Structure formats: C-alpha cells, structure tokens
Amino acid sequence: MSLLTGYAISIDIDAGLIEIDTGLDHTYVTSNNPCKSWPCWGRGSGGKEICRGYGKYLLADYISQPNSQAGIEYGVTGVCHQTANRILYPARVIVSKARGYAASSYAYGTYGTSSFEFIGSSKICESLSCTSKSRVSTESTDLDINVYSNSIDEPEKVYIQKIVDLYTEHMKILPGFSSATTSEESSPLPLQGSKIESFSSTIKNEERYYLLGKEFELMIEFCLGDNLDPQITSQVLKQQLVFLKEKGKMDNEFYSADLNIEKYVKEVNDLFGDLLISLPDILGKDEFEKIFGLSPSEKDFVLVDPDIAVKAHKQISR
C-alpha cells in the first residue's frame with residue numbers, strides 16, 4: 001500500500017499588469033511508495049497538503065494514464081479536481097478542501113461527467129489480479145494503516161462511499177451491467193479499452209445530468225445535513241440542469257469544430273459565472289458559503305483555466 005496525498009495550489013491568471021486570483025486551487029497527487037507526483041494538468045510540487053489515504057499505487061498510476069490526465073478531457077469532462085480525485089480513488093479520499101472544489105463538482109461531479117464509465121472501469125480494474133500483484137515494496141504496516149484510518153474524516157468517507165454507491169446502483173438497472181463488470185476476461189486496460197465504449201453506449205446525457213444532480217444532493221447533505229428546504233434544493237438542481245444542458249450544446253459545437261478552444265472556455269466560464277452569481281439568492285448567503293466556500297460577491301471565479309485548456313487541447317486531434 002502507498003500513501004496517496006492530495007495537494008492544492010492557488011491559481012492566478014495573468015491579466016496584464018496584475019494577477020487575478022481565480023478563487024480556484026489547482027490540485028495534484030503524490031505517492032510515497034514509490035515516490036511519484038501526478039501533476040494533473042498543472043504543477044506537481046509546492047502545494048499544501050489537503051488530504052491523504054492509503055491505496056494501491058499500481059491502481060492509482062493505472063488510473064492516471066495518460067500523462068496524469070486520468071481520462072479527463074480538460075474543461076469538457078472535468079478539471080484538475082476531478083483528475084486528482086480519480087487518481088486518489090484507490091484511497092477513497094478527495095480534494096474537497098481545495099478552494100472552488102464544490103463549484104467544480106457542481107459542474108462536473110466528483111470524478112468528472114464521465115463518472116459512470118470511470119467508476120465502472122475502476123471496479124473492473126480493482127477486480128483484476130494484475131492490480132494486486134504489485135512489485136512495489138510495502139513498508140507501511142497494518143498498524144500504520146489502521147492508525148491513519150482512524151484520523152480520516154468519517155463523514156467524508158461516508159459521503160464518498162455514497163457517491164460510489166450511487167453509480168454502482170445505477171449500473172445494475174442498465175443492460176449489460178453484470179457481464180461488463182464481473183467478467184474475468186475484462187480488458188487489462190479498462191480506462192482505455194473497449195469496456196469504456198460499452199459503458200458509454202448504455203447511458204444517455206439525461207441520465208448523466210440526473211446522476212450529477214443526485215451527486216450534488218449528497219454534497220448538500222454532507223455540508224448542511226438535512227437543514228436545507230427541499231424546495232430550495234430543487235431550485236439549485238434546476239439551475240444545475242440548465243447549465244449542464246447549455247454546456248452540452250457548447251460541447252457539441254466544440255467537438256464539431258464550430259467552436260475553438262479559446263471561445264469554448266470563455267463561454268463555459270461566462271455561463272458558469274452567471275450561474276454561480278445567482279445561487280446566493282436561492283440558497284441564502286450562509287448556506288452558499290457553507291456549501292461552496294466562496295463569498296457571494298465572488299466575481300473573478302474561473303472554472304476552466306484558459307492557459308491549461310489551450311495547452312491540453314492543442315495536443316488532442318479532434
């Protein structure tokens with residue numbers, strides 16, 4: 001077992017003579033056994049530790065491919081938060097203490113908008129014998145792991161498990177779930193092989209939006225308990241759905257080459273910025289701050305880093 005650790009670094013955008021604090025932290029992940037850093041689209045050192053947990057290094061590194069991007073298409077299916085969460089999946093910890101995390105989760109979910117495929121694939125990967133035959137030395141004792149486990153925030157562990165269970169339960173109602181997740185002859189590259197394609201063919205955008213809504217309900221419950229009026233929750237989820245549908249149209253335009261990456265990022269950030277500004281009026285100032293960790297007057301929040309997006313998508317042939 002390796003100790004997987006999540007880190008956060010403040011993201012500033014150069015705006016001529018000044019740097020603007022985006023209100024968002026970049027996140028990355030490291031392992032202690034062996035020593036490795038996964039940059040998750042940005043810097044891979046110099047950050048502040050925000051979470052840690054024990055998990056299989058081989059599985060984390062497997063998930064990280066290619067190039068510590070973990071199957072995320074930057075700005076489209078997630079940002080660095082979702083990328084880091086995927087790599088941390090073997091440890092069942094997330095970078096929830098990063099600034100702007102709740103906002104990015106509102107837009108992309110915990111493991112990205114393709115969480116359905118990711119969690120299904122990861123379960124296949126966990127069941128494969130190759131992930132248990134690690135050649136990495138195990139210096140951590142069971143006592144070390146048990147002592148550390150007791151220090152992990154128990155409510156967050158429950159919250160993470162509820163998210164995983166949400167997708168697992170949804171898989172059971174879809175055709176082909178059993179054969180796709182339990183076969184011993186599954187592809188040895190579940191995050192890149194044919195299994196991803198088979199999962200993709202079984203879920204529609206409407207189901208993705210529904211699951212992202214259920215995820216955010218779980219986040220509200222985690223942050224506020226049962227103290228939020230169901231009617232207010234419903235309004236927040238309706239706003240999320242409007243955003244997801246509108247962004248879905250932008251995604252289609254981007255994939256059809258009708259929208260270049262610079263314009264795509266600007267439109268997504270503008271759309272999300274308008275959404276974020278509207279939420280304090282729906283939730284109330286205190287509840288908004290408890291969930292999102294942002295000031296209601298936040299105006300410079302940037303969901304998608306334009307510099308990272310341009311670099312990332314220049315490497316992708318669409």
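**Briefing on a predicted protein chain**

At 61% relative accessibility, N67 counts as exposed (exposed means over 50% relative accessible area, buried under 20% and partly exposed in between, with a 1.4 Å probe and protein chains only). This is a predicted model, in which local features need pLDDT of at least 70 and side-chain atom pairs count only at pLDDT 80 or more, while totals for chains, interfaces and linings use all residues. Residues are numbered from 1 along each chain as its sequence is written, and side-chain values use heavy atoms, with hydrogens and water left out.

**Confidence**
- The protein chain has a mean pLDDT of 83, with 78% of its residues at 70 or more; pLDDT is the predictor's confidence in each residue, from 0 to 100.

**Backbone in the loops**
- N67, placed in the loop between helix 1 and helix 2, has a phi near 55 degrees, which is a positive value in a residue other than glycine (helices are DSSP runs of H or I with at least four residues, strands are runs of E with at least two, and both are numbered from the N terminus).
- In that loop between helix 1 (57-64) and helix 2 (80-87) lies P66, and the peptide bond from Q65 to P66 is cis, with omega near -5 degrees.
- A cis peptide bond also joins N33 and P34, with omega about 5 degrees, and P34 is found in the loop between strand 2 (18-32) and strand 3 (35-38).
- R92, in the loop between helix 2 and helix 3 (101-108), has a positive phi of about 55 degrees although it is not a glycine, and R92 is partly exposed at 23% relative accessible area.
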